Amino acid sequence: MTPRPGYAATVVAGCFAVFLAQVAYSLPGALNGTFQQEFQTTGSQLTWITAAFAIPMVVFELTTGVIGDLFGRKRLLQAGAALTVAGSLICCLAGTVQVLWAGQVVAGLGAAILYPISLAMIAALAPTTEARARAIALWAGFLSIGAAVSPLLGGAFATGGSWRGAYAVVIAAAIVSFLLTFRATDSSAPVGRKLDIPGQATLALGLIAILFAATQGSEAGFGRPEIMAAFAAGVVLLIAFVIIETRTAVPLLHLRLFTNRAYAIVAVATVVGMFAFLAICYSMSIWLGAVQHQSALKIGVLFVFIQGPAFALVPVVSRLIRTVPARWVLTGGFALMAVAGVWCSTFDIADLSWTRFIAPMLIFGCGFALTVGSITAVAITTVPVRLAGMASATTNLLRDFGFALGPVLIGALAINRANDAMLDGLGPAIGASGLQEPYSQIAGGIAHEGGAMAINSMPVVPGAGPGLAPVPMPQQLHQLAFESLGSAYNTAFLVAGICAAAAAVLTLVGLTGRPTPVSPSLEVQEAVR
């Protein structure tokens, strides 16, 4: 079948747009250590740099998919590029971590447009199912190469100049994306679509409440009344969202899609598996950057080993999607990710050799390459064609919700464990240091308020005492924080590996037999439209 007019230009614009979104999203990956040193952040403040981008991205992806269906996707894609310019400019000029958060929020709104709309534009114009599979694999490959280039870009600028230069490059790339979209072909699917304001409001507020509680609870404590209230409000709002979606004539999300067993299994595996993916990425970044204070460029190189295979294996994955049952492709991918997570959990924080991460990260990257394209292909090809916009937005929502949970939950786990371990050994460590009043109280206060990450980031003063430093930090206390963080992130790697293994088991067991079709009532709806 002859490709539709403008198809090639649309694929180029869509692939570059998702590349841009992933570059902007992944940039903090190599810069966490740099941010921690420059802004003197606590553990939760560091987590918020990533979460500030992820939360608006996850919350608004379904809505932008509907807006694109109603009013056209081309101009909306350009709006996403414009928001990326604005957000990256704020980050580039940030003087405090709070301003950096603001820039990440704006850029995250841009990504909420770029991810689903780029995929929907490509899917809508593909002339055949086979062409759609190839285009989706290419789209996923550019997503991965963006994630590989971004930390390398950030690491190079942080090592050779200033991390702010990396955000200037993102601004330039966003302008290129804006211009490329002029040549793309517009598409829409307005029939039977309308904005679901109650559904969007309850979904947005529910996800924000849960992600806020998970992030802030890591240091404030999950038993605090405000954190428990946020969790409770989030659960109530998400239940309200489900009730609203089952009763409205034109829902934001067709819950009947989940009556398709393959779609439902892949949906759950997507959230769990992508949580494991970003949890391992984030843990590796914190381990080398914020804990060991290694070069951001080294971390960037490791991200090439993670993301490089996803681009290099595009032809292989594209063929596998078309010729091998999704069960085996997804199970194999998640299993490789599990192996990498468990392997990293055996590392010793005192060993400063960063190259030991190369082999597990390469295995990890091959696993991700097998899963990310397969997840998208299964989700898109199991729904009616008229629901391409909703399906692409839902697929991205599930994937990015897993991504958002990765640093939030694994960061909370690691920070809590590290702080508990350090506070348990705080008295003996200060006593062994010989630190006298008032310096012992100052050091103890920093440990209680800032946690293990704050102590680990401060200069070491051997045999600290009056006259050696305004706030001396004894070797014993620094070593306690360092070891506490190492043990905590060993656990984080292990938990992430177990989650990847759970996703592998789920797809292995759940995708057996013939997949159930989409709900007949939904098929009738689409036929009428």
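**Exercise 1. State which residues of helix 9 are buried, and check the length of this helix in the predicted model.**

Solution. Step 1: the buried residues in helix 9 are Ile-227, Ala-230, Gly-234, Phe-241 and Glu-245.
Step 1: recall the geometry of an α-helix, which has 3.6 residues a turn, so residues three or four places apart point the same way.
Step 2: helix 9 covers residues 225–247, which is 23 residues. The expected span is 1.5 Å times one less than the number of residues, so helix 9 should span 33 Å.

**Exercise 2. Describe the secondary structure, burial and contacts of the chain.**

Solution. Step 1: the chain contains 19 helices and zero strands.
Step 1: of its 529 residues, 59% are buried.
Step 2: take the contacts in the chain with a separation of 6 or more; residues 24 or more positions apart account for 85% of them.

**Exercise 3. Classify the packing of helix 10 against helix 18.**

Solution. Step 1: two packed helices are described by the angle between their axes and the distance between the axes.
Step 1: for helix 10 (residues 261–291) and helix 18 (residues 475–510), the angle is about 160° and the axes are 9 Å apart.
Step 2: angles over 145 degrees count as roughly antiparallel, so helix 10 is roughly antiparallel to helix 18.
Step 3: the crossing of helix 10 with helix 18 is left-handed.
Step 4: sorted by class, this contact has 23 nonpolar, six polar and one charged residues.

**Exercise 4. Repeat the classification for helix 13 and helix 18, and name residues on both sides of the contact.**

Solution. Step 1: the axes of helix 13 (residues 326–344) and helix 18 come within 7 Å and cross at roughly 165°.
Step 1: with the cut-off of 145 degrees, helix 13 is therefore roughly antiparallel to helix 18.
Step 2: helix 13 passes helix 18 in a left-handed crossing.
Step 3: helix 13 contributes residues including Trp-328, Phe-334, Ala-338 and Gly-341. On the side of helix 18, the residues met include Phe-493, Gly-497, Ala-501 and Ala-504.
Step 4: the residues of this contact divide into 15 nonpolar, five polar and one charged.

**Exercise 5. Locate Leu-119 and decide whether Leu-119 is buried or exposed.**

Solution. Step 1: Leu-119 lies in helix 5 (residues 97–125).
Step 1: buried means under 20% relative accessible area; Leu-119 has 0%, so Leu-119 is buried.
Step 2: Val-11 is 108 residues from Leu-119 along the chain, and their C-alpha atoms are separated by 8.9 Å.

Methods: Residues are numbered from 1 along each chain as its sequence is written. This is a predicted model: local features need pLDDT of at least 70, side-chain atom pairs count only at pLDDT 80 or more; totals for chains, interfaces and linings use all residues. Side-chain values use heavy atoms; hydrogens and water are left out. Axes are lines fitted to C-alpha atoms, for helices over the stretch in contact, and angles run from 0 to 180 degrees between N-to-C directions. Helices (H or I, at least four residues) and strands (E, at least two) are DSSP runs, numbered from the N terminus. Angles under 35 degrees count as roughly parallel, over 145 as roughly antiparallel, 65 to 115 as roughly perpendicular and the rest as oblique. A crossing is left-handed if the near helix is turned anticlockwise from the far one by less than a right angle, and right-handed if clockwise. Ala, Val, Leu, Ile, Met, Phe, Trp, Tyr, Cys and Pro count as nonpolar, Asp, Glu, Lys and Arg as charged, and the others, Gly among them, as polar. Buried means under 20% relative accessible area, exposed over 50%, partly exposed in between (1.4 Å probe, protein chains only). Contact means heavy atoms within 4.5 Å.
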